[in-house]
Every structure is written in structure tokens, then in C-alpha cells.
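Me: I would like to go through this model with you in questions and answers, moving from single residues to the packing of the whole chain. Please give the cut-offs as the terms come up.

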Amino acid sequence: MSADRNAVDTPAARLQALFEGHRLTPTQRRIAHSMVRQAADVPFLSSVELAELAGVSQPSVTRFAVALGFDGYPALRRHLREVAPAEPVAAARTYNEYQQAVEAEIENLRHLAELLADPRPVQKAGRLLAASRPLPVLGLRAAASQAYGFAYFAAKVHPDVRLLHEGGTMVHDRIDACVRAGASALLCFALPRHPREVLDTLGYAKQAGLTVVTVADSAFAPVAKVSDLLLPAAVGTGLAFDTACAPMLLGRVLLEAMCDDLPEAQARLEEFDARAAARGLFVE
């Protein structure tokens, strides 16, 4: 999530600031992502422990430290202890694998709350999305449900929301149609594993003149290079299939920010409620 000098000062934010401006390989982005997620513990981890945490080799951790401008991992760890001091987290109670997955998601939500302490990136995104008429919302494969959920609620307050959830050459045609109709921004939900098609589509959208706002699992996700504003929210990886509670919640927060820049939003909601009551749409 973009930040400036006035942004909230936290261990995670300081780590992200350390990584910004460096051209990292996919493996190095994975290490950086793991470090941000465990910001309080990282200054106390050995290179072997960090490698295990990130699922990479120990030499990859060393090369990562050198890529950041340090002589090696020990120098990086000393720097982290100086700029992000924290006490190691106390040993957790024993959980079964299902509880561990839930606890991991709770931690992802805590991290999201920490990032939202600086509301300006989300507020900026809300303004961009509110001003785009129509508003295309992209989500392919694993992210399709996130895009659908956002588009479903956004359509209640935004006059023209267009869901793009099927790939192929048709998605470029639909982006062209949005641009011809006056769209100025596109919202993308991008979750792992990141389809190459998403990067190609976002690149096409930028060439067409759209400002790309992306909700992704990490500030170092592959889609970062084709996004104008990236809002990170980590996914859970403890089960056979990733869980995406934090990206879903960030989508709802983004909806709230968009509503703040749509003067007619409240009136539209009240109108919908009146029509729904007249039709007996919901069981009370």
C-alpha cells in the first residue's frame, strides 16, 4: 500500500519501506512478503529460519540481503533490529491444522488493520473508482469471486459497474467498450496463483488509458508492475486452497471509501431498500 513520510510507523511499514525501490526477483519478493507478514519476529530469525518461513533456500536469503545493499544476512538482521525493534512473540498454544488456518487469517486481518491506520491510499482509490463511469471490475480464476462480490454491492451505489470475470480475447474487447463509454479507472482483484492473463489484461488496460487499482495478496505481487495503486491484503496458505478473508474485507473497505465520494450513494441504497420491501424480496 502506498505511503509517504506521514504514514503510520510500524515494523511492517518500515520493512516495506526498506524493500521499495529495489528490483527483486520472484523468489526475493516471496522472502520480502514473508518478512512483512512476520515483521515482529524477523529481526530474531536466522537465515535458515527465514528460508524455511519463506519456503526458499538459505542461499536465496543471502542473495536477497545482498540485493538490498547489505554484506550478507547478518548485516541485514542487525539493521532490522535497529530500525524495527520488537520483542519476539511468545510461544503460542498448540492448535490443530484447522485452528492454525483460522489463527493465520486472524493475523492477516491484524496486519490489514495495521496498514489501514494510514487511510489515504484507500481513500485515493475510492475517489478514483467513484469517478469512473463506467467502472470495470476485473477478477480471473481464484479472484473471480472477490470481483463478483465487490461488483454486486458496488452496483447498488455506482451507476455503471461492469464485471470482467472471464478471460480470453473478449476481455480486451470489453475494456475497449468501457473506455469508449468513458471509464477512467479499473479495479482488479489479483490472488495467487497469479495468471499471466491478468498481467496481460492490466497492461492492456493501462495502454488504453485506464488507471489501474489492484487489491493483491502482497505489495510485491507480480501485478505490482502493472498497477498504478496497489492495496495489499495477505491470503492464508495453511489449507489445501488459499483463504482470502483479508482481501474480501479490504474490498468492503474500498466500497465504503467509494461511497464517501458518491453523493448519491445513500439515496440509491434507500431507493433499493424501498423497492425490495415492496417486492417482498427478503425474508425478515
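Me: Leaving aside its neighbours within four places in sequence, with which residues is arginine 63 in contact?
Reply: This is a predicted model, in which local features need pLDDT of at least 70 and side-chain atom pairs count only at pLDDT 80 or more, while totals for chains, interfaces and linings use all residues. Residues are numbered from 1 along each chain as its sequence is written, and side-chain values use heavy atoms, with hydrogens and water left out. Arginine 63 is found in helix 4 (residues 58-67), where helices (H or I, at least four residues) and strands (E, at least two) are DSSP runs numbered from the N terminus. With contact taken as heavy atoms within 4.5 Å, and with neighbours within four places in sequence left aside, the partners of arginine 63 are Gln28 and Ser57.

Me: Which residues does histidine 33 contact, leaving aside its neighbours within four places in sequence?
Reply: Histidine 33 lies in helix 2 (residues 26-37). Its relative accessibility is 18%, so histidine 33 counts as buried, a class that means under 20% relative accessible area, with exposed over 50% and partly exposed in between (1.4 Å probe, protein chains only). Leaving aside neighbours within four places in sequence, histidine 33 is in contact with Asp217, Ser218, Phe220 and Ala234.

Me: Why is the pair of phenylalanine 19 and phenylalanine 220 classed as it is, and what is that class?
Reply: A search of the whole structure finds five aromatic pairs, where rings of Phe, Tyr and Trp (its six-membered ring) pair if their centres lie within 6.5 Å, and planes under 30 degrees apart count as stacked, over 60 as edge-to-face and the rest as tilted. For phenylalanine 19 and phenylalanine 220 the ring centres are 5.5 Å apart and the planes stand at 70°, so the pair is edge-to-face.

Me: How many residues apart in sequence are the parts that this pair ties together?
Reply: Phenylalanine 19 counts as buried at 1% relative accessibility, and phenylalanine 220 counts as buried at 12%. Together with Phe64, Phe19 and Phe220 form one aromatic cluster. Because phenylalanine 19 lies in helix 1 (residues 11-19) and phenylalanine 220 in the loop between strand 4 (211-216) and strand 5 (229-232), the parts tied together by the pair are apart in sequence by 201 residues.

Me: Against which elements do the buried residues of helix 10 pack?
Reply: Helix 10 (residues 196-207) has 12 residues and reaches 17 Å from its first C-alpha to its last, close to the 16 Å expected at 1.5 Å a residue, the expected span being 1.5 Å times one less than the number of residues. In this helix Val198, Leu199, Thr201, Leu202, Gly203 and Ala205 are buried. The buried residues of helix 10 pack against strand 1 (135-138), helix 9 (170-181), strand 3 (185-190) and strand 4.

Me: Is arginine 110 buried or exposed?
Reply: Glutamate 107 and arginine 110 meet in a salt bridge (3.5 Å, N to O), a term for a side-chain nitrogen of Lys or Arg within 4 Å of a carboxyl oxygen of Asp or Glu. Being three residues apart in helix 6 (residues 97-115), glutamate 107 and arginine 110 are separated by about one helical turn. Glutamate 107, at 35% relative accessibility, counts as partly exposed, whereas arginine 110, with a relative accessible area of 52%, is exposed.

Me: How far apart are the closest N and O atoms of arginine 275 and glutamate 271?
Reply: Both arginine 275 and glutamate 271 lie in helix 12 (residues 265-279), four residues apart, about one turn of the helix. Arginine 275 is partly exposed, with a relative accessible area of 41%, and glutamate 271 counts as partly exposed at 46% relative accessibility. In their salt bridge the closest N and O atoms are apart by 3.0 Å.
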